[in-house]
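This briefing is intended for a reader new to the structure shown below. Please keep the structure in view while reading the points that follow.

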Amino acid sequence: MIAIVKEQLTQAGNFSLFIGRFFKEIFVPPFQINEFLRQCYTIGCKSLPLVSITGFIMGLVLTIQSRPTMTKFGAESWLPSMVSLSLIREIAPVVTALICAGKIASGIGAELGSMKVSSQIDAMEVSAVNPYKYLVVTRILATTLMVPLLVIFADLVGIYGGYIGYNVHGTITMRRYFSEVIEHLDFLDLMPATIKTFFFGFFIGVIGCYKGFNASSGTASVGLAANSAVVTASLSIFIVDMLAVQITDLFF
Amino acid sequence: MKEEPIINIKNLYKAFGKNKVLKGISLTVKKGEDLVILGRSGSGKSVAIKCLVGLLKADKGKLEIFGTDITKLNYKQLNKIRLRIGFMFQNGALYDSMSVRENLTFTLKHHADHLTEENIEKQILEALDSVGLIEAIDKMPSELSGGMIKRISLARTIIIKPEIIFYDEPTAGLDTITAQEISELILSVQKKYKTTSIIITHDMICAKMTGNRIILIKDGLIYVQGTYKELENSSDQWVKSFFFATNQYAAAPGFPA
Ligand SMILES: Nc1ncnc2c1ncn2[C@@H]1O[C@H](COP(=O)(O)OP(=O)(O)OP(=O)(O)O)[C@@H](O)[C@H]1O
Ligand SMILES: [Mg+2]
């Protein structure tokens, strides 16, 4: 029992050190710009199809599902703004982040894990390349930057999906629909929602890297690293989301 | 051969939890010397050389390379030393997301900045030529055979012109002919670049070809050291057992001497 607690505390300590190292190394040259851009490309562009499809479906389904209730209250005209608000404030950020946790965190965990297991990280270390800087800092920066962009993209596609969904049972012009949406959108809807996505991205990157970087030897540990990266990242997204909502509630 | 020690180890201790792997190794290596380390699997050979380049932290002991104790250096100073050292990993450890060319470029670029493209290209070709694998330049590591990986890994090690090279089992897992080719490559690198080498191996032919001094590690200590000839004729049963199997191989007809 004590051993388990001790193990957990050690883990937490190591994880904090890992994050601390990120903030220390990010400001020290040399900066690995090329690798950073390459990661942005892999993380951003390659997740785009997945994020678009899910974003579209979220908007579509949400509209179709909410319609009966809204009609019952005679508030059908509110549908566009209600759907886009729930997309922007909550659903698109969380669902997109979860998808990224599945795709990106597991990818990073597996990649770094297998580099660790096959001594490639050690090989970097002995050729005087700082592997933390080259592999970890670039990836965390890339996820922190790309996840918010992906979320914004999912917002847009989701709202478009809502437009299609609206037209399944009713008719509305594109112009009318979007002016409905924009009319009810507030700066305060966008701001906190966007800020929290940076944290989602950060945690996806940090957890993926931490799990991969600390994989123990043996091929089994690569799978384990990828697996626990997804689980931990998904959990952390919910926790960050909950905190974000509490904080937003407090201030606005 | 100059007589200054380039590596000087005093009382190196290393344990993983209760598993005491190294229990006080002391060793000096002179410049230009080619030292072979022998020992049973799991005797801590890899651990010892990993401590020497700072991949593992020694529990206790003095580890001097080029006259500086690396256990007392910070990360930046340690990296300065590492720039003068080559390390060939047991499994090759090529960066498998990069092609052979990128593997070499990556190592070279981080070794010295401000190299021109032509200069880099020239050095890559030279290194690949040394290992006889120029045609593999645009291949990915996954497309290479085990022997080719070892050779590319050797090319990546020598491209930075290190003063000391550590080889961790350079011939393990290869057929005898390829193993001998690798041993010859090591020999030619030793001649061409005048490096000091530390070679871990289980392959007695490799040991005989590439080493001018051999140490045997047993139970975390240096059990015995000497030249190949001296150890081969040793009366110690345990030492003899290392040479016995090999001699049987060598006695078989058609085996390259
Ligand atoms: N990172 C590590 N964590 C825990 N124990 C380790 C670690 N690395 C090595 N060991 C232990 O140290 C001992 C020596 O390992 P080492 O890899 O040095 O053996 P070796 O002599 O190189 O063997 P081989 O010839 O099979 O490569 C082994 O018992 C191993 O379990
Ligand atoms: Mg070993």
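Ser81(A) counts as buried because its relative accessibility is 3%; buried means under 20% relative accessible area, exposed over 50%, and partly exposed in between (1.4 Å probe, protein chains only). This is a predicted model, in which local features need pLDDT of at least 70 and side-chain atom pairs count only at pLDDT 80 or more, while totals for chains, interfaces and linings use all residues. Residues are numbered from 1 along each chain as its sequence is written, chains are lettered from A and ligands numbered from 1 in the order in which they are written, and side-chain values use heavy atoms, with hydrogens and water left out.

- Ser81(A) belongs to helix α3 (residues 79-117) of chain A; helices (H or I, at least four residues) and strands (E, at least two) are DSSP runs, numbered from the N terminus.
- Leaving aside neighbours within four places in sequence, Ser81(A) is in contact with Glu180(A) and His184(A), where contact means heavy atoms within 4.5 Å.
- Gln190(B), in helix α6 (residues 176-193) of chain B, counts as buried because its relative accessibility is 9%.
- Not counting residues up to four places away in sequence, Gln190(B) touches Asp34(B), Thr195(B), Ser197(B), Ile199(B) and Thr210(B).
- A separation of 9.2 Å is found between the C-alpha atoms of Gln190(B) and Ile165(B), which are 25 residues apart along the chain.

**Nonpolar cores**

- A nonpolar core is a set of buried Ala, Val, Leu, Ile, Met, Phe, Trp, Tyr and Cys residues joined through side-chain atoms within 4.5 Å.
- The largest such core has 97 residues, and Ile7(B), Phe166(B) and Ile198(B) have the most contacts inside it.
- Helix α5 (residues 131-169) of chain A gives the largest share of this core, 15 residues.
- Apart from that core lies another, of 44 residues, including Leu154(B) and Ala207(B).
- Ile198(B) touches several residues beyond four places away in sequence, among them Ile7(B), Val29(B), Leu35(B) and Phe166(B).

**Aromatic rings**

- Phe56(A), Tyr160(A), Tyr163(A), Tyr166(A), Tyr177(A) and Phe178(A) form one aromatic cluster; rings of Phe, Tyr and Trp (its six-membered ring) pair if their centres lie within 6.5 Å, planes under 30 degrees apart counting as stacked, over 60 as edge-to-face and the rest as tilted.
- Over all chains, the structure holds 19 aromatic pairs.
- Lys60(B) lies over the face of Tyr13(B), at 4.5 Å from the ring centre; a charge sits over a ring if NZ of Lys or CZ of Arg is within 6 Å of the ring centre and within 35 degrees of the ring normal.

**Contact between the chains**

- 19 residues of chain B are in contact with 16 residues of chain A.
- The area buried between chain B and chain A is about 1600 Å², with 58% given by carbon and sulfur atoms; buried area is the accessible area (1.4 Å probe) that two parts lose on being put together, summed over both.
- Tyr75(B), Tyr95(B) and His110(B) supply 29% of the area that chain B buries against chain A, more than any other three residues.
- Arg82(B) and Glu125(A) meet through their side chains in a salt bridge (3.2 Å, N to O), defined as a side-chain nitrogen of Lys or Arg within 4 Å of a carboxyl oxygen of Asp or Glu.

**Backbone geometry**

- A cis peptide bond joins Pro29(A) and Pro30(A), with omega about 0°.
- Ala128(A) has a positive phi, near 65°, and counts as buried at 17% relative accessibility.
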